[in-house]
Amino acid sequence: MLARQRQELILQEVEQSGGVRVSELVERLGVSDMTVRRDIEVLASKNLVVKVHGGATAAGTRHPDEPGFSVKSEINPAHKSEIARTAASLIEPGSTIAVSAGTTAYAVAVELRPIKRLTVVTNSPRVAEVLYDADRDDQLVVLTGGVRTPSDALAGPVANTMLADIHVETLILGVHGIDLTAGLTTPNLQEAQTNRALIRSARRIVVVADHSKWGSSGCRPSRRSAACTRW
């Protein structure tokens, strides 16, 4: 298959699905990882796609530093699972907690399922889905309203108003980046505002992030204060 044919297939997949992973393209096209990455770079240079870590997304649909949930879930999965187990071990039965959106926060939610008598507030439909069990009467899952973002968070004024009346013991907070100057960051303005509301609702904040987030700064700070860098 010629390079132009590969690139046309990649562009078609991105346009249909909104994003694609390098690993998927390697298997589908039968070429090397490096070949796929070069094809994506060519398409990105023509502003036909946006190159993100682990794949590509449709141009113009989201911030270039904001890949979707499916793309981000493929980044450092083993590290996320280890972080999730550690974070879940901090939660006692009977706790009232909040869990933000994000792939690492989602991994924590999976580990929270065996814990009894939890009340969980979340702005992530995926987190709510993994925790909700109609056969359990010892657990309450509260899903905020809001506008759904590319990373599958519910954000915006509706979510922020709801969270203003919520008080939880612990917040499990996923972030786009951690920078000693900028603090906790995300490239999505609405998510940044809702993250602030989540932070205000919690007595204790547990930031869950793998090593790739350190030194990275999204364009919108979740909170600019010294507290953001103390963990």
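Val99 stands opposite Thr122 of strand S5, in a model that is predicted, where local features need pLDDT of at least 70, side-chain atom pairs count only at pLDDT 80 or more, and totals for chains, interfaces and linings use all residues. Residues are numbered from 1 along each chain as its sequence is written, and side-chain values use heavy atoms, leaving out hydrogens and water.

Strand S4 (residues 96-99) is joined to S5 (residues 119-122) by four bridges, and the two run parallel. Strands here are DSSP runs of E with at least two residues, helices are runs of H or I with at least four, and both are numbered from the N terminus. Two strands count as paired if DSSP finds at least two bridges between them.

Which strands form the open sheet, and in what order? The order is S6-S5-S4-S9-S12, with parallel pairing. S6 (140-143) and S12 (202-208) are the edge strands, each pairing on one side only. From one strand to the next, the twist averages 20 degrees.

I turn now to the nonpolar core, a set of buried Ala, Val, Leu, Ile, Met, Phe, Trp, Tyr and Cys residues joined through side-chain atoms within 4.5 Å; buried means under 20% relative accessible area, with a 1.4 Å probe and protein chains only. The largest such core has 20 residues, and Val99 is among those that touch the most other members, as are Ile91 and Leu112. Helix H6 (103-112) is one of the elements that give two or more residues to this core; H6 supplies the largest share, five residues. Apart from this core lies another, of 14 residues, including Ala98 and Val168.

Terms used:
Axes are lines fitted to C-alpha atoms, for helices over the stretch in contact, and angles run from 0 to 180 degrees between N-to-C directions. Buried means under 20% relative accessible area, exposed over 50%, partly exposed in between (1.4 Å probe, protein chains only).
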